[in-house]
Amino acid sequence: MKLAFFPFYGSDWLGSRRVRALGAEMRGHFVDLLCMMWEEPGCRVPDDAAALCPTLGITKARWARVRAALVGTKDAVLKEDGAGNLYNERLHEVREAAEEFHAGRAAAGRKGRAAQLANVGLRPG
C-alpha cells in the first residue's frame with residue numbers, strides 16, 4: 001500500500017541517545033534510509049550496497065562504514081531481518097499502524113458510500 005508520508009516525531013529524533021550518538025553525517029544517511037524503507041513493501045530495504053549506494057549518493061566503500069555505524073553496533077538503529085534486508089523496528093511499527101488506520105478509513109468510506117447508494121435505491125458496484 002502506498003502511503004505518501006510517515007509521521008516524524010521530532011522530540012523522539014532529538015531525544016534519542018542512539019540517534020544523537022551517530023553524528024550528523026550518519027544521521028543524514030539514516031533518515032534517507034528511513035525514507036527509502038517507507039516506500040518499500042514490509043518497510044525494508046535490501047542489505048545490498050549496489051542497490052543502496054546510488055540513492056544515498058555514496059561509494060560502496062563508504063557504505064561499508066555507514067552500515068557499520070547503523071547496523072553493526074549494540075545500539076544499532078537498523079536491524080537485519082535474516083532475509084537479506086535492513087529495517088528499523090520503530091518505523092516498521094509506525095507503518096503497520098498507518099496501514100491499519102488507512103484500511104479502516106477505506107472500509108468506512110466504502111460502507112458510507114454503500115449507505116448513500118442504498119438511500120437512492122442503487123447498489124454499489
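**Helix H5**

I began with helix H5, residues 60–70, in this predicted model. Which of its residues are buried? I found Arg62, Trp63, Val66 and Leu70 on that list. Looking down the axis of H5, I saw these buried residues fall within an arc of 100°, so they line one face of the helix. Next I asked what the buried residues of H5 pack against. My notes give helix H3 (24–38), helix H4 (49–56) and strand E3 (85–87) as the partners.

**The nonpolar core**

I then turned to the largest nonpolar core, which has 28 residues. Which residues have the most contacts inside it? I wrote down Phe30, Leu33, Met37, Trp63, Leu70 and Leu78. The elements giving two or more residues to this core are H3, H4, H5 and helix H6 (89–119). H3 provides the largest share of the core, with seven residues.

Two names from H5's buried set, Trp63 and Leu70, turn up in that contact list as well. I followed up on Leu70, leaving aside its neighbours within four places in sequence. Leu70 is then in contact with Leu22, Met26, Phe30, Leu33, Ala76, Val77 and Leu78.

**Cysteines**

How many disulfides does the structure hold? I got zero. Cys35 counts as partly exposed, at 37% relative accessibility. Cys43, on the other hand, is buried, with a relative accessible area of 0%.

Cys43 got a second look from me for its backbone. It sits in the loop between H3 and strand E1 (45–46), and its phi is positive, at about 55°, although Cys43 is not a glycine.

**Salt bridges**

I searched the whole structure and came away with seven salt bridges. Here are the ones I followed up.

Arg44 and Asp81: their side chains meet at 3.0 Å, N to O. Where do the two partners lie? Arg44 is in the loop between H3 and E1, and Asp81 is in the loop between strand E2 (79–80) and E3. The pair is 37 residues apart, so I filed this bridge as a link between distant parts of the chain. Are these two partners buried or partly exposed? Arg44 is partly exposed at 23% relative accessibility, and Asp81 is also partly exposed, at 24%.

Arg67 and Asp47: this salt bridge comes out at 2.6 Å, N to O. It too links distant parts of the chain, with Arg67 in helix H5 and Asp47 in the loop between E1 and H4, 20 residues apart. I noted Asp47 as partly exposed, at 27% relative accessibility.

Glu80 is in strand E2, and 13 residues separate the two partners. I also checked for salt bridges that share partners, and one network joins Arg17, Lys74 and Asp75.

Definitions and conventions:
Residues are numbered from 1 along each chain as its sequence is written. This is a predicted model: local features need pLDDT of at least 70, side-chain atom pairs count only at pLDDT 80 or more; totals for chains, interfaces and linings use all residues. Side-chain values use heavy atoms; hydrogens and water are left out. A disulfide is a pair of cysteine sulfur atoms within 2.5 Å. Buried means under 20% relative accessible area, exposed over 50%, partly exposed in between (1.4 Å probe, protein chains only). Helices (H or I, at least four residues) and strands (E, at least two) are DSSP runs, numbered from the N terminus. The arc is that of the directions from the helix axis to the C-beta atoms. Contact means heavy atoms within 4.5 Å. A nonpolar core is a set of buried Ala, Val, Leu, Ile, Met, Phe, Trp, Tyr and Cys residues joined through side-chain atoms within 4.5 Å. A salt bridge is a side-chain nitrogen of Lys or Arg within 4 Å of a carboxyl oxygen of Asp or Glu.
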